[in-house]
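This briefing is intended for reading alongside the sequence and the three-dimensional structure. Please keep both in view.

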Amino acid sequence: MQEVKKIFKVRKAGHAGTLDPLASGLLLVLFGEATKFAGPLLDADKEYVATVKLGEKTATGDAEGEIIERSAFQVSGPGLQEALKKFEGSIEQVPPMYSALKRDGVPLYELARRGESVERPARRVEISLLEEIRFEAPLLELRVRCSKGTYIRTLAEDIAVALGTVGHVTALRRTASGTFKVSDAVGLAALEGMGEMQRRGRLLPLTALLAGLPRAELDAAEESRFRNGQALAFEGVQGLCGVYGRGGVVGLGKADAGRLRPVRLTATQGAE
């Protein structure tokens, strides 16, 4: 993050969703007014390409941990497809000990490093896409599109168990976040090699963050009230939506039962 701030010479920057140390791929970086929209962006579905090594379980669920169990396996094509189907849709998932979730203010990974294990309640997550890309034993490459809060390491371990063995993630790449795709992203090295005008030209406007949301248009009087925190009588949209005034983006709103309430507001009128 510090490198990006330096490249663009900005003081305020944020991101929408961290990546595990061994993961690569898409990271949405936000500047200025866009940082206010990080929360809703974190709620967006993510897409990953994961490589799972079957037959070996590690302490961390990925290649960083020591191998703690080995298991022979024999997986057929039909058996693999049958196992994957079990994890499509809404599923219960127990978060791993090696995670940033906290127990009594202490991250679980710190407890795990001390050799401690605590009970973690299962959480419901949504797997909207789970498909095999390639299987060359012992490596299984998968494409996963999932809701926020999904642990791919845990999903990989659970799939391995469904296949009658154990497994862990050896590689993980985020390929999409909401409507944004890694194929449209620019790496740090490429940014550093660009001139300032070319670099600025790769920045997306604030409206790009709201492109996939329903649109609520306000007149001047409505915008004034909305910016003052007032809910408006408003029909035609439902749920989270982008709110626009005569000059551009006003912010994010949430519409429910004919009322539009502010969620996030830009600091100035006419934000693009």
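Which residue takes a positive phi just after α9? Just after helix α9, G229 has a positive phi of about 90°. The model is a predicted one, in which local features need pLDDT of at least 70 and side-chain atom pairs count only at pLDDT 80 or more, whereas totals for chains, interfaces and linings use all residues. Residues are numbered from 1 along each chain as its sequence is written, and side-chain values use heavy atoms, with hydrogens and water left out. Helices (H or I, at least four residues) and strands (E, at least two) are DSSP runs numbered from the N terminus.

**Confidence**

- The protein chain has an average pLDDT of 91, and 98% of the residues score at least 70; pLDDT is the predictor's confidence in each residue, from 0 to 100.
- Among the elements of the protein chain, the lowest mean pLDDT (73) belongs to helix α2, residues 38-42, and the highest (98) to strand β11, residues 139-146.
- Where pLDDT is low, the predicted coordinates should not be read in detail.

**The five-stranded sheet**

- An open sheet with mixed pairing is formed by five strands in the order β14-β16-β17-β18-β15; two strands pair if DSSP finds at least two bridges between them.
- Its edge strands, each of which pairs on one side only, are β14 (215-217) and β15 (232-233).
- Strand β15 runs antiparallel to β18 (residues 259-265), and two bridges join them. Within this part of the sheet, L232 stands opposite L260 of β18.
- Strands β17 and β18 are also antiparallel and are joined by six bridges. K254 has R261 in β18 as its bridge partner.
- The hairpin formed by β17 and β18 has two residues between the strands, and A257 in the turn has a positive phi of about 50°.

**Helix α9 against the sheet**

- What caps the N-terminal end of α9? The cap is D219, a side-chain oxygen of which lies 3.2 Å from the backbone nitrogen of A221.
- Helix α9 (residues 220-227) packs on the sheet and touches β14, β15, β16 (239-245), β17 (248-256) and β18; contact means heavy atoms within 4.5 Å.
- The direction of α9 makes about 75° with that of β17. Axes are lines fitted to C-alpha atoms, for helices over the stretch in contact, and angles run from 0 to 180 degrees between N-to-C directions.
- E222, E223, F226 and R227 of α9 are buried; buried means under 20% relative accessible area, exposed over 50% and partly exposed in between (1.4 Å probe, protein chains only).
- Viewed down the axis of α9, the buried residues fall within an arc of 130°, so they line one face of the helix. The arc is that of the directions from the helix axis to the C-beta atoms.
- These buried residues of α9 pack against β14, β15, β16, β17 and β18.

**Backbone geometry in loops**

- Most residues other than glycine have a negative phi, and most peptide bonds are trans.
- The peptide bond from A137 to P138 is cis, with omega near 10°. P138 is placed in the loop between β10 (123-136) and β11.
- K9, which is not a glycine, has a positive phi of about 55°. It is found in the loop between α1 (2-8) and β1 (13-15), and K9 counts as exposed at 66% relative accessibility.
- D104 likewise has a positive phi, near 55°. The position of D104 is the loop between β8 (102-103) and β9 (106-107), and D104 counts as exposed at 76% relative accessibility.

- Is H168 buried or exposed? H168, which lies in strand β12 (residues 167-177), counts as buried at 4% relative accessibility.
- A polar atom of the H168 side chain lies 2.9 Å from the backbone oxygen of E56.
- Not counting residues up to four places away in sequence, H168 touches T51, V52, K53, E56, T58, G61, D62 and A63.
- M1 lies in the segment before α1 and is partly exposed, with a relative accessible area of 30%.
- Residues touched by M1 are A13, G14, H15 and V29, not counting residues up to four places away in sequence.
- M1 and L218 are 217 residues apart in sequence and 35 Å apart in space, C-alpha to C-alpha.

Definitions and conventions:
A polar contact is a pair of N or O atoms within 3.5 Å; within protein, one must be able to donate a hydrogen and the other to accept it, and residues adjacent in sequence count only if both atoms are side-chain atoms.
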